[in-house]
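Keep the coordinates open as you read.

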Number of protein chains: 2
Amino acid sequence: MRLKRTASAETPESAPAGVRDERKQRTRKALLDAALILLDGERSFSSLSLREVAKVAGVVPAAFYRHFTGMDELGMSLVDDSFHTLHQMMRGARSAPLPPANLVARSVETFLLYAQAHRLHFQFIAKERVSGSSSVRLAIRKELRLWTSELATDLAPFPKLKGFNGDDLRMMAGLVVNAMMGATELILDADINDAAELARIHQLAQKQLMLIFLGAAQWKSKPAQ
Amino acid sequence: MRLKRTASAETPESAPAGVRDERKQRTRKALLDAALILLDGERSFSSLSLREVAKVAGVVPAAFYRHFTGMDELGMSLVDDSFHTLHQMMRGARSAPLPPANLVARSVETFLLYAQAHRLHFQFIAKERVSGSSSVRLAIRKELRLWTSELATDLAPFPKLKGFNGDDLRMMAGLVVNAMMGATELILDADINDAAELARIHQLAQKQLMLIFLGAAQWKSKPAQ
DNA sequence: GTTGATAGTGAACATGTGTGCACTATTAGA
DNA sequence: TCTAATAGTGCACACATGTTCACTATCAAC
């Protein structure tokens with residue numbers, strides 16, 4: 001109701017192609033956003049109700065079914081969107097490489113700032129990675145494995161990491177991903193205005209990554225296993 | 001009903017003190033166990049209903065209130081029980097120290113086997129650490145911080161870790177705890193009968209810990225910060 | 001034995017839930 | 001301009017939920 005009025009007020013008739021589709025995508029996004037907003041704070045995805053999401057999106061419950069077959073499908077869409085966000089970041093990082101000085105510390109900084117900027121998406125990933133319905137959870141695990149493999153590939157060329165074979169490189173990348181997710185969880189739980197606390201977490205994560213890379217420089221994979 | 005009959009059958013009259021209290025503790029435990037059982041698999045704690053828990057415990061919903069004011073209080077009790085389990089393990093490890101050969105690998109093995117043996121408790125911790133109600137979540141975080149500090153204290157005497165000041169030691173302990181929780185999550189999600197998969201995860205975690213300790217041996221904390 | 005305390009029962013309530021169905025209004029295409 | 005398609009509405013249903021209340025049956029203490 002409110003959504004229709006404002007929509008028709010904001011977009012008089014200047015729509016070259018698909019006024020209808022655009023409208024549909026708008027409420028689809030409203031539903032996804034509503035879920036993310038409700039997920040912020042206490043709630044977990046599996047405790048959200050379809051009606052609740054519809055209400056926050058400003059839509060009647062039955063309208064939900066025009067977009068998703070149920071909450072599970074909406075959850076899968078959130079997984080897609082969230083990892084799209086993450087992959088965008090990775091792509092950006094590759095296309096505009098950081099200077100090698102303090103590479104680790106700078107990468108951590110970049111990542112955590114990105115996580116703060118896309119708070120809701122990262123919160124969703126962090127929560128549902130471990131507690132969601134199995135379809136959502138497995139989808140997230142799969143994406144995280146993929147991310148780990150990408151990271152391993154990016155890491156491979158570094159001269160200090162010549163001691164690694166492929167398996168062990170992924171092992172190390174997994175450790176890095178774990179540490180970053182842990183720091184992300186701390187960030188998401190911290191008071192958003194407590195700059196000192198945020199800085200403390202950033203430094204903690206930076207040191208942890210430095211420690212990992214310090215160990216990595218010494219690592220020797222067993223040649224034949 | 002069924003619970004009462006079996007109870008009176010199993011304990012004829014040989015109860016020195018508190019037949020009544022013992023009965024009460026029994027159904028209290030039944031409620032806690034019911035929640036853990038329901039939590040196994042798909043569900044998250046915040047999606048459990050009081051009625052559901054009561055039904056699995058074999059008790060009418062109203063009886064729930066004789067033991068807990070609501071699901072949140074039951075959750076807090078689960079936190080206590082779960083960490084009691086964990087502290088028991090730590091105490092056992094300290095009182096019967098492992099031989100120094102392969103110390104890291106053996107410790108990982110011990111921990112993960114313990115996690116498998118107390119599957120439901122560790123699953124609860126892993127899930128609600130990130131997605132639970134804020135009281136439960138904060139309680140778990142507090143316990144994990146405590147655990148991290150204990151671990152740091154246990155680690156301090158090692159000669160190879162002389163390069164650490166107190167803060168950095170906790171930083172490293174946090175990394176260890178993170179890695180172990182990550183491995184625990186993998187274990188809990190794996191098929192319980194897939195021995196090869198479990199062994200793979202054990203080896204992964206062992207390598208990750210070795211990598212951390214390799215880095216730690218090289219670490220030099222800044223003397224004054 | 002009698003009596004007070006209480007763990008567990010069963011029914012009731014108001015409210016929230018997922019989902020189906022006939023509907024209305026708007027748009028895309030003929 | 002007329003018509004088919006469809007995003008969103010409003011209502012209905014059967015059911016699950018948290019919580020309350022009077023109750024019953026059992027145990028502890030006198």
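V53(B) touches L31(B), A34(B), A35(B), L38(B), L48(B), F64(B), M71(B) and L74(B), leaving aside residues up to four places away in sequence; contact means heavy atoms within 4.5 Å. V53(B) is also among the residues with the most contacts inside the largest nonpolar core, which has 131 residues. Such a core is a set of buried Ala, Val, Leu, Ile, Met, Phe, Trp, Tyr and Cys residues joined through side-chain atoms within 4.5 Å. Buried means under 20% relative accessible area (1.4 Å probe, protein chains only).

This is a predicted model: local features need pLDDT of at least 70, side-chain atom pairs count only at pLDDT 80 or more, and totals for chains, interfaces and linings use all residues. Residues are numbered from 1 along each chain as written, chains are lettered from A and ligands numbered from 1 in written order, and side-chain values use heavy atoms, without hydrogens or water.

Now the two chains. A rotation of 180° with 0.0 Å of shift along its axis superposes chain B on chain A, RMSD 0.0 Å (least squares on C-alpha atoms of residues with pLDDT of at least 70 in both). That is the relation of a two-fold axis. In chain B, the C-alpha of G215(B) comes closest to the axis, at 1.6 Å.

Next, the DNA. 21 residues surround DNA strand D, each with a heavy atom within 4 Å of it. They divide into ten nonpolar, four polar and seven charged.

Note on methods:
Buried < 20%, exposed > 50% of the residue type's maximum accessible area, 1.4 Å probe, protein only. Nonpolar A, V, L, I, M, F, W, Y, C, P; charged D, E, K, R; others polar.
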